[in-house]
Amino acid sequence: MTITVSMTVNGEERSGVCEERTLLVTFLRETLRLTGTHVGCDTSQCGACVVHLDGDSVKACTILAVQAAGRDVTTIEGIADGDTLHPMQQAFHENHGLQCGFCTPGMIMSALDLLKHNPSPTEREIRDHLEGNFCRCTGYHNIVRSIAAAADMMAPGEG
Amino acid sequence: MYAFRYHRAGSIDEAVRLHGSCEDPGYLAGGHTLLPTLKMRLAQPSDLIDLGDIDALKHTATTSGALTIGAGVRHNDVARMSHSIPALAGLAGGIGDFQVRNRGTLGGSIANADPAADYPAACVGLGATVVTDRRQIAADDFFVDLFETALEEGELVTSVIFPAPRRAAYMKFPNPASRYAIVGVFVAWTDSGMRVAVTGAGASVFRVADMEAALARDFSPDALADIRIPEDGLNNDIHATPDYRAHLVTVMARRAVVRANASSDGVRL
Amino acid sequence: MNLSGEHRINAPREVVWRALNDPVILHQAIPGCEAVEQESPTSFTARVKAKIGPVSAVFSGRVELKDLDPPAGCVISAEGTGGVAGFASGDARITLREDGQATLLGYDAEGKVGGKLAQVGARLVEASANKITNAFFSRLDGLVALPETPPPQSTDESPTIGHRRQEVPLERVLIGLVAALVIALGVVAAFLQ
């Protein structure tokens, strides 16, 4: 059965028609055409689909769109300030934290949730936090370095 | 995913009433087992009743000697309660990955009763009481068999009461990919005696009486050194044989005792 | 995977053999059984709705009987499909041994599982299989076990041993057990490795 689902996405009220069984990631990509959130494994393991739901990082492939109705969703498209990259995006750019880029939106959304709870994580803590995000190109090294750099950039007093 | 009707319940009563009025319904808590199952078309419920909006399932309370956690409290929320029962918080912080812990709930986990889930070990290990919409069930009686609990049709877990232990720790040997316990052992020195609860090794969580008796005499890892549980009936899969799991139970139990003795800060309830 | 075990049924071997040839008994003993049908003298199908944890699927099992040696045992070739869920197949050797007034029913099955089941459920296949076969045997025992006192004669439809007098084709052999094994091989509870 088709239903209309409304939610706040990247600060804007958005609504669209989907089915009750439609996944949030499908709703974002195919109904709202926000294709920055990727579908990787589709089994809640790889983390390519990570978005923020009411401020918490979640895997959008394992949530129904209708579960997010009335809630606040932030995707990778919603973190830059106009043409100015978010510090986390800037750090990935500067530290070569991606190769093919497929995992990157999920990595960035996941990493932002880490810094929310732990503004200056150790390398070990960063690696532990990325347990649910798979990268098949980089060996994670530059991703970890990017997140550490972003933490420095985002630290109070560091601009 | 097959089609279903979606309901968002606003209260425990409404959820239970909805469940009773639907043909083949299911409760949707964190959804991190249910939704993957539905995506593979391995189940076809007529109705899903979303419990995510029920505030009464999200409360936590500390009373003298016990911590009550609402069934809808997420793993990451429990992981941040390290001030109350550190062993429980540590266990919750080791479930799945960070995003799974942002969705998965205590009630959903124990109602599902996956043989390799972590929470059943904490419930049985701490001698917890499971509270439902209609009664209270001792954790020892709650977990019955593989994916089978004492819950009746439509019965909803509302909270779990964890008595504070004097000392406790959980150690698991996780599958490196899924973080499910190949073997996990929760050891607790409680007001009512020693408890050793094992998850991942058998069809359901179980206690090890020999280890409990040995720890009652001497709460040290050496007390467990010569105790090996029988491998008969233990799980066998591509990750570990029954023989290996039996071995791991002793190893994890000993490590748990070491950790329990090390966390001298104990419990402040 | 290998699945083997032995269960003691509190009834003589002939009774157990006959019970395993009785569709009424089988229907009741197989957890979730919806239908048992005969395709040919030595092949059968069973439809079973299996529910383990979050998984609930209808499985069709097809069974081929070989090496019949009543009432001592037989070999069963079975395959089960659960639609998109996957498939399972295997051979099981069944033996019935006398143990006083009771019967020891042994099985030794070698099976393989494919499809999504194998992909995502490997860690749970064997545990699920054990659970289903155990449930089958305990139901079977409840249905055929020798009563403490003789049951009252009745003419109703209840499947007590007393009124099963008609000859059931021997080939209807052990469908219950087989279906249980097949389904068990096939059913996999969720979830993710």
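Predicted model: local features only at pLDDT ≥ 70, side-chain atom pairs only at ≥ 80, totals over all residues.
The secondary structure of chain A consists of 5 helices and 5 strands. Starting at the N terminus, these elements follow the order β-β-α-β-β-β-α-α-α-α. The radius of gyration of chain A is 16 Å, close to the 15 Å given by the globule rule for 159 residues, so chain A is as compact as a globular protein of that length. Along the principal axes, the C-alpha atoms of chain A fill a box of roughly 45 × 30 × 25 Å.

Of the 159 residues in chain A, 52% are buried. Among the contacts in chain A with a separation of 6 or more, 55% are accounted for by residues 24 or more positions apart. Chain A has an accessible surface of about 7100 Å², and carbon and sulfur atoms contribute 48% of this area.

Gln99(B) is located in helix 5 of chain B, which covers residues 98-101. The relative accessibility of Gln99(B) is 0%, so Gln99(B) counts as buried, the cut-off being under 20%. Leaving aside residues up to four places away in sequence, Gln99(B) touches the chain A residues Val50(A), Ser57(A), Val58(A), Lys59(A), Ser110(A), His129(A), Gly132(A) and Asn133(A), together with His32(B) from chain B. Between Gln99(B) and Asn76(B), which are 23 residues apart in sequence, the C-alpha to C-alpha distance is 8.9 Å.

A second residue of chain B, Leu88(B), is placed in helix 4, which spans residues 86-92. Leu88(B) has a relative accessibility of 1% and therefore counts as buried. With residues up to four places away in sequence not counted, Leu88(B) is in contact with Leu67(B), Ile69(B), Val78(B), Tyr119(B), Ala122(B) and Phe162(B). Leu88(B) and Tyr170(B) are 82 residues apart along the chain, and their C-alpha atoms are separated by 7.8 Å.

The secondary structure of chain C comprises 4 helices and 7 strands. Along the sequence, the pattern of chain C reads β-α-α-β-β-β-β-β-β-α-α. Chain C has 193 residues, and 53% of them count as buried. Of the contacts in chain C between residues at least 6 apart in sequence, 64% join residues at least 24 apart. The accessible surface of chain C amounts to about 8300 Å², with 51% belonging to carbon and sulfur atoms.

Notes:
Residues numbered from 1 in each chain as written. Chains lettered and ligands numbered in written order. Heavy atoms only, no water. Helix = DSSP H or I, 4+ residues; strand = E, 2+ residues; numbered from the N terminus. Rg over C-alpha atoms; globule rule 2.2 N^0.38 Å. Buried < 20%, exposed > 50% of the residue type's maximum accessible area, 1.4 Å probe, protein only. Contact = heavy atoms within 4.5 Å. Areas by Shrake-Rupley, 256 points an atom, 1.4 Å probe, with all protein chains shown as cover.
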